[in-house]
Amino acid sequence: MLAYAIRRFGQSIFVLVLMSFLVFVGVYAIGNPVELLVNPQADEAERLRATAALGLDKPFLEQYWVFLKGAASGDLGRSFVFNVPALGLILEKLPATIELAVVAMVMAILAGIPLGLIAGLKPDSFIGRGIMAGSILGFSLPTFWVGLVLIMIFSVYLGWLPSNGRGETVMLAGIPVSFMTADGLAHLAMPAFNLALFKLSLLIRLTRAGAREAVLQDYVKFARAKGLSQSRVIGVHVLKNILIPIVTVIGLELGSVIAFAIVTESIFAWPGTGKLLIDSINQLDRPVIVAYLLVIVTLFIAINFVVDVLYSLLDPRVRLGSTASAH
Amino acid sequence: MSYSSDGPWARFRADFAESRLAMIGLALLTMVIVIGLLAPVISPQNPYDLAQLDVMDSKLAPGENSAEGKTYWLGTDDQGRDMLSGIFYGLRISLGVGIASTVLALAAGLVLGLVAAYFGGWVDTLIMRIVDIQLSFPAILIALILLAVLGQGVDKIVIALVTVQWAYYARTVRSAALVERQKEYIEAARVLALKQGRIVFRHLLPNCLPPLIVVATVQVAHAIALEATLSFLGLGLPITEPSLGLLISNGFQYLLSGKYWISFYPGLALLLTIMAINLVADQLRDVLNPRLRK
């Protein structure tokens, strides 16, 4: 287990450095940020001064080396546009994104698993078919399209829900959150549902497939034969056995929810990291783009690692690493 | 059901036609493709010829008439552009980008997946490791970064879509090819001392195609949706070549003031296109899967 963790850690660092290099090469090729930052009337001397101030006059590899040295000590450079540390800028916006992602995931789980169970236990009923049709829709509709329709219905025509921003926030352990106030909840409802829809459809399909297989197994027949109630058979025997792949997918999808939040945040003007990324791309704010990617990739790697470990704890048949299987 | 002796194509057609929903999807898809192909012929106006636009006609509601008595069935946008014509041209671009990127990604993934499966060893490890790393990141994130680096343009978005899609095909082909290459006909071809290229492309490849066709149809829909999303975010196509996504994005700012049609109708066209492709793909999956054959 420890050897596995160490090897995984080594691999993760390798992927991280590789990603940082690729991104750095790529971002280095995007236009010249000095053009955007300096007054258009500025003369050549002022341009050169600005270029030197940003460290952009050095050769590429030296810029990368300076960046790596900084990154090792937690300094991912300063935003060209805001002139504050890029990492700080992202960490400041991260709680909004995480709140959105977590609420979306919770919505997907709370609705997806029960709906999937119903569809799996009664696959040919009207309700079962309806749920599946809904999940196919949820799969094929582009996220931004659904967001648009939500705004059209709930903000423009019904006027029930606000279409942008986070609303009123309160501090929870020093972090501003929206879900504790009524106004915040109203602001959260549409973006969270929008982001949840795809994962909801995925969970419905997974749960349905698992349930359809599980009800045919001998242990379910045995539990029924013992005279256990339907709710106990489904809630304990079936659910426990189909939960393993579901937990894995939930874990793995958490990362992609954060990535997809880029789209949702842009539609609903949710002040999170995704919106920051799009703004930074438009303003050629290189350090923020690089820092965003590194933070997201680190988050991804960490989530994958935790999921792998949890998986081995949930399912005793899974052994991590090849060395363990020798025993 | 009775099959005549018309061969595999007739059987394939008969199997496909069994689902009414799939036939509706196919009809819809055919219609959308024909509209895309004929857009310059059937559109009431060329929406990107500025001489044909009249700013006086801007933001007219669906069904309203212009000063000269032209009827805009789906309304006009902020520049007085006929939305119906805009959608026809947009479909053309969306479909073109989706199909082109899928074909290119299919070709790249096909070759790399076959090579990985046929040669095995370090070639296989290298290719599949790249596939694994790439697939562990969401497509939208990779495409977004690529476009941030490459800039706007039809060619750029095709490059980005190919880059995010090839890995799916490589993985699908490889797993199909690994099963196929164990079979006797490959062994027979080897015994006949055929050239490796011939074995891979004439014997192995045709037998790996069915799962690929299914993945490719679904991926066309994904590519179109992804392109629309990226264009919506302002990172895909330039305003001179507006796809459906860009039309939707353009109308988004007027949505809150109740001028829904500028975004809604392009959105509806996008939705119908994606649904049609998915319906066809679903039926193809069932028809091409030998395990489901009755």
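Predicted model: local features only at pLDDT ≥ 70, side-chain atom pairs only at ≥ 80, totals over all residues.
**View 1**
For chain B the average pLDDT is 81, and 87% of the residues score at least 70. How much of chain B counts as buried? Of its 294 residues, 45% do. Looking at contacts in chain B with a separation of 6 or more, 69% come from residues 24 or more positions apart.

**View 2. Here is the side of chain B that touches chain A.**
Across this meeting point, 32 residues of chain B are in contact with 31 residues of chain A. On the chain B side, at least two residues each come from helix 5 (139–150), helix 8 (196–232), helix 9 (244–255) and helix 10 (261–288). Which helix of chain B gives the most? That's helix 10, with 8 residues. Sorted by class, the residues on this side of chain B are 25 nonpolar and 7 polar, with no charged ones. As for the complex, the predictor hands it an ipTM of 0.76 and a pTM of 0.81.

**View 3. Zooming in, helix 7 of chain A packs with helix 10 of chain B.**
Two packed helices are described by the angle between their axes and the distance between the axes. For helix 7 (residues 143–157) of chain A and helix 10 of chain B, the angle is about 140 degrees and the axes are 11 Å apart. The two helices are therefore oblique to each other. Their crossing is left-handed. From helix 7 of chain A, the contact uses A:Trp145, A:Leu148 and A:Met152, while helix 10 of chain B brings B:Ser263, B:Phe264, B:Gly267, B:Leu270 and B:Leu271. By class, this contact has 6 nonpolar and 2 polar residues, and no charged ones.

**View 4. Within chain A, helix 8 packs with helix 10.**
Helix 8 (residues 182–214) and helix 10 (residues 230–268) of chain A meet at an angle of about 160 degrees, their axes 9 Å apart. So helix 8 of chain A is roughly antiparallel to helix 10 of chain A. The crossing of these two is right-handed. Among the contact residues are A:Met190, A:Leu195 and A:Leu202 of helix 8, along with A:Val238, A:Ile246 and A:Phe260 of helix 10. What classes make up this contact? There are 17 nonpolar, 5 polar and 2 charged residues. The contact list includes A:Lys199 from helix 8 and A:Glu253 from helix 10.

Note on methods. Residues numbered from 1 in each chain as written. Chains lettered and ligands numbered in written order. Contact = placed C-beta atoms within 7 Å. Helix = DSSP H or I, 4+ residues; strand = E, 2+ residues; numbered from the N terminus. Nonpolar A, V, L, I, M, F, W, Y, C, P; charged D, E, K, R; others polar. pLDDT = per-residue confidence, 0-100. Axes fitted to C-alpha atoms, helices over the stretch in contact; angles between N-to-C directions. Parallel < 35°, antiparallel > 145°, perpendicular 65-115°, else oblique. Left-handed = near helix turned anticlockwise from the far one by under 90°. Buried ≥ 20, exposed ≤ 12 C-beta atoms within 10 Å, placed from the backbone.
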